Amino acid sequence: MNYSYFPGCTLKNKAKDLDRYARASAEALGFTLSEITDWQCCGGVYPLASDEIATKLSSVRALAKARDSGNDLITLCSACYNVIKMVNNDMINDENVILKVNNYLLQDDIQYHGETKVLHFLEVLRDVIGWDKVKAAVKNPFTGKKIGAYYGCLLLRPGKVMQFDDPENPQILEDFIKAIGGTPVIYAQRNECCGAYTMFDDKSIPQKRAKAILTNAEDKGADFLVTSCPLCKYNLIKNKADSKLDVIYFTELLAQALGVKGADNA
């Protein structure tokens with residue numbers, strides 16, 4: 001199986017582990033991430049202004065390239081997933097955006113109308129590979145480890161567009177933890193915001209949010225947290241204060257469980 005792959009900017013610098021362990025794990029599970037050529041930053045945040053068109057163009061170009069290759073488009077970063085899937089939704093349902101974007105892209109001989117399916121890596125594990133097959137491929141299970149899933153905001157909301165999981169009671173990361181042999185820890189703050197980009201305006205917000213998240217997870221017995229969001233990981237680690245909890249990308253845990261962490265490509 002081959003998928004078009006949009007890594008995004010952060011996975012090329014501060015979040016290289018999220019990227020490289022995903023590639024190695026995908027190959028071990030029988031599918032390939034084919035990075036699309038000449039991709040550009042998705043913008044990191046979905047533009048809420050109804051007349052904002054230019055910042056959506058890079059997402060549309062990536063979606064069109066995946067369509068033209070005949071593949072679904074996979075992302076790993078929660079922010080990239082949110083932005084690209086939201087833009088794809090616009091290109092299906094918003095006639096104003098469809099018209100203006102395609103007018104812009106005439107110069108590139110591109111027209112796009114939402115034909116590409118956007119997937120997060122975790123959705124491929126759940127819906128294509130299946131948790132039973134993931135479990136069967138595990139060589140180094142996380143037996144005895146209590147792992148807290150940290151979703152944050154962007155994978156789950158807005159729920160009607162993302163359709164990733166139940167935004168109020170998600171299960172996909174808990175099912176992932178079970179598949180790699182760990183014990184999921186359920187805690188109230190797992191789908192609450194880490195403070196995100198408020199760190200640029202008021203550092204006290206992510207400090208308070210990180211404390212609440214980490215304290216809640218520790219109180220419920222978590223040994224560490226797992227996430228797919230580079231910004232969430234940054235905020236939680238930057239503001240962990242006295243917390244002993246580490247925050248690890250889910251792809252690193254998967255690569256370790258599959259026995260491919262430490263191989264030449266991981």
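Trainee: At roughly what angle do the axes of H2 and H3 cross?
Mentor: Roughly 80 degrees, and the axes come within 9 Å. Axes here are lines fitted to C-alpha atoms, for helices over the stretch in contact, and angles run from 0 to 180 degrees between N-to-C directions. H2 is therefore roughly perpendicular to H3 (65 to 115 degrees; under 35 is roughly parallel, over 145 roughly antiparallel, the rest oblique).

Trainee: Which residues make the contact between H2 and H3?
Mentor: From H2 it is Ser59, Val60 and Leu63. H3 brings Val83, Ile84, Val87, Asn88 and Met91. Contact means heavy atoms within 4.5 Å.

Trainee: And how do the residues of that H2 contact with H3 divide, nonpolar, polar and charged?
Mentor: Six are nonpolar, two are polar and none is charged. Nonpolar covers Ala, Val, Leu, Ile, Met, Phe, Trp, Tyr, Cys and Pro; charged covers Asp, Glu, Lys and Arg; the others, Gly among them, are polar.

Trainee: Before I go on, what kind of model is this?
Mentor: A predicted one, where local features need pLDDT of at least 70, side-chain atom pairs count only at pLDDT 80 or more, and totals for chains, interfaces and linings use all residues. Residues are numbered from 1 along each chain as its sequence is written, and side-chain values use heavy atoms, with hydrogens and water left out.

Trainee: Back to helices. How do the axes of H2 and H4 cross?
Mentor: H2 spans residues 57-69 and H4 spans 95-105. Their axes cross at roughly 75 degrees and come within 11 Å. That makes H2 and H4 roughly perpendicular, so the pair gets that label.

Trainee: Which residues of H2 meet H4?
Mentor: Leu57, Val60 and Arg61. On the H4 side they meet Val101, Tyr104 and Leu105. That contact has five nonpolar residues, no polar ones and one charged. Val60 turns up in the contact with H3 and in the contact with H4.

Trainee: New topic. What is the order of the open sheet with E1 in it?
Mentor: E2-E1-E3-E4, four strands with parallel pairing. Strands pair if DSSP finds at least two bridges between them. Helices (H or I, at least four residues) and strands (E, at least two) are DSSP runs, numbered from the N terminus.

Trainee: Which strands stand at the edges there?
Mentor: E2 (32-35) and E4 (118-120). Each has a single partner strand, so one side of each lacks a neighbour in the sheet. On average, neighbouring strands are turned by 45 degrees against each other, direction ignored.

Trainee: How many bridges join E1 to E3?
Mentor: Three, between parallel strands: E1 is residues 2-6 and E3 is 73-75. Serine 4 stands opposite leucine 73 in E3.

Trainee: Where does H1 pack?
Mentor: On this sheet, touching E1 and E2. The direction of H1 makes about 135 degrees with that of E2. H5 (residues 121-129) lies across E1, E2, E3 and E4, at about 90 degrees to E4.

Trainee: What about the sheet with E5? What order has it?
Mentor: E6-E5-E7-E8. This open sheet also has four strands and parallel pairing. E6 (183-185) and E8 (246-249) are the edge strands, each with a single partner, so one side of each has no neighbour in the sheet. Neighbouring strands are turned by 40 degrees on average, direction ignored.

Trainee: How many bridges join E5 to E6?
Mentor: Three, and the two strands run parallel. E5 is residues 146-149. Lysine 146 stands opposite threonine 183 in E6.

Trainee: Which strands does H11 lie across?
Mentor: E5, E7 (224-227) and E8. H11 is residues 250-258, and runs at about 75 degrees to E8.

Trainee: Backbone next. Is the peptide bond from arginine 157 to proline 158 cis or trans?
Mentor: Cis, with omega near -5 degrees. Proline 158 lies in the loop between E5 and H7 (159-162).

Trainee: And aspartate 38, is its phi positive or negative?
Mentor: Positive, near 55 degrees, in a residue other than glycine. Aspartate 38 is in the loop between E2 and H2.
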